[in-house]
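I opened this entry to record, item by item, what I looked up in the structure and what I found there.

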Amino acid sequence: MGLLDLLTFGAGTVVGSQMGLRYANLKQPRPFPRQAAALLDHNLRLKYREPVQSLTPFGIAPGSTVLDLGCGTGLFTTEMARQVGAQGRVHAVDIQEEMIDATRARVTAAGMAQRVSFHHSGAYRLPLESASVDIAILIATLSEIPDRLLALDELRRVIKPGGRIAVSEEMAHPAYVPAQVTRRWLRAAGFRYGGEQGTPFCYSLLYFAE
Ligand SMILES: C[S@@+](CC[C@H](N)C(=O)[O-])C[C@H]1O[C@@H](n2cnc3c(N)ncnc32)[C@H](O)[C@@H]1O
């Protein structure tokens with residue numbers, strides 16, 4: 001096999017597996033596999049997902065309560081904890097226990113564990129009080145949840161009236177959906193448009209709870 005054949009074979013394998021993953025997710029969304037968790041922290045991803053830059057547009061206020069739904073390896077949780085300060089609180093929630101363990105280890109290593117509550121939980125029934133959250137943040141997560149409207153309904157319960165929800169999606173993620181789809185979900189769940197930024201490759205939408 002020549003070099004060109006090898007390159008063609010390699011590219012075909014990558015494109016083929018990406019298409020397979022995307023099709024499978026379209027038919028049945030599923031949680032990002034914990035075995036691939038290292039990809040969430042990969043340097044290539046950090047080029048467009050640097051935590052400070054990613055979170056700054058959401059305007060997390062000191063003293064506020066933030067929900068990090070689908071916290072994964074905690075890439076953003078530590079920065080959220082830094083931004084809420086000593087008087088604030090971050091609720092890190094994930095349906096996979098291994099992800100919660102990874103987040104706890106990361107937040108603890110950063111000396112921020114006092115500011116974070118860790119919850120091994122799914123999105124349909126959150127272990128949080130009604131009207132207790134100032135901002136719920138879902139990064140590369142909403143599109144993985146099979147019943148988005150049920151999850152958004154539950155999010156509306158825990159977000160304070162006038163509070164916010166930020167949903168961010170990226171094309172590299174197998175469950176990616178374009179912004180117009182996410183906007184439709186948020187509108188259908190009764191959230192009010194507050195703004196957006198980014199590109200089709202990686203976008204963030206901000207909505208308000210009434
Ligand atoms: C692609 S990862 C993103 C993790 C993190 N937000 C980030 O951007 O680095 C999505 C995470 O959402 C979690 N997740 C998927 N479905 C969920 C559900 N129904 N309830 C709670 N977490 C869920 C997965 O376990 C996974 O850790």
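**Asp 68 and its surroundings**

Leaving aside residues up to four places away in sequence, I find that Asp 68 touches Phe 76, Thr 77, Met 80, Val 90, His 91, Ala 92, Val 93 and Ile 137. I note here that I am working from a predicted model. Asp 68 lies in strand β1, and I counted 27 other C-beta atoms within 10 Å of it, so Asp 68 is buried, the cut-off being 20 or more.

**Ile 137**

Ile 137 is buried, with 27 other C-beta atoms within 10 Å. With residues up to four places away in sequence again left out, Ile 137 touches Phe 58, Val 66, Leu 67, Asp 68 and Ala 166. I then checked Ile 137 against Leu 206, which is 69 residues apart from it along the chain, and found their C-alpha atoms separated by 9.3 Å.

**Helix α4**

Which residues of α4 are buried? I list Thr 77, Thr 78, Glu 79, Met 80, Ala 81, Gln 83 and Val 84. That is seven of the eight residues of α4 (residues 77-84), so this helix is largely enclosed by the rest of the structure. The partners against which the buried residues of α4 pack are α3 (51-55), β1 (65-69), β2 (89-94), α5 (97-109) and β3 (116-120). Two of the residues I had already noted as contacts of Asp 68, namely Thr 77 and Met 80, are among the buried residues of α4. Just after α4 I looked at the backbone of Gly 85, which takes a positive phi of about 75 degrees.

**Two alanines with positive phi**

I next looked up residues that have a positive phi although they are not glycines, and I noted Ala 131, at about 50 degrees, and Ala 140, at about 50 degrees. Ala 131 is placed in the loop between β3 and β4, whereas Ala 140 is placed in the loop between β4 and α6. Are they buried or exposed? Ala 131 is partly exposed, with 14 other C-beta atoms within 10 Å, while Ala 140 is buried, with 23 other C-beta atoms within 10 Å.

**Helices α6 and α7**

For this pair I looked up the geometry of the axes: α6 (residues 148-158) and α7 (residues 179-188) come within 9 Å and cross at roughly 55 degrees, which means that α6 is oblique to α7. The crossing of α6 and α7 is right-handed. On the α6 side the contact is made by Arg 148, Leu 149 and Leu 152, and on the α7 side by Trp 185, Leu 186 and Ala 188. By class, I sorted the residues of this contact into five nonpolar, no polar and one charged.

**Around the ligand**

Last, I looked up the shell around the ligand, where there are 20 residues, of which Phe 32, Gly 70, Gly 72, Ile 95 and Ala 123 come nearest. Sorted by class, this shell has twelve nonpolar, six polar and two charged residues.

Conventions:
Residues are numbered from 1 along each chain as its sequence is written. This is a predicted model: local features need pLDDT of at least 70, side-chain atom pairs count only at pLDDT 80 or more; totals for chains, interfaces and linings use all residues. Axes are lines fitted to C-alpha atoms, for helices over the stretch in contact, and angles run from 0 to 180 degrees between N-to-C directions. Helices (H or I, at least four residues) and strands (E, at least two) are DSSP runs, numbered from the N terminus. Angles under 35 degrees count as roughly parallel, over 145 as roughly antiparallel, 65 to 115 as roughly perpendicular and the rest as oblique. A crossing is left-handed if the near helix is turned anticlockwise from the far one by less than a right angle, and right-handed if clockwise. Two residues are in contact if their C-beta atoms, placed from the backbone, lie within 7 Å. Ala, Val, Leu, Ile, Met, Phe, Trp, Tyr, Cys and Pro count as nonpolar, Asp, Glu, Lys and Arg as charged, and the others, Gly among them, as polar. A residue is near a molecule or strand if its C-beta atom, placed from the backbone, lies within 6 Å of it. A residue is buried if 20 or more other C-beta atoms lie within 10 Å of its own, exposed if 12 or fewer, and partly exposed in between; C-beta atoms are placed from the backbone.
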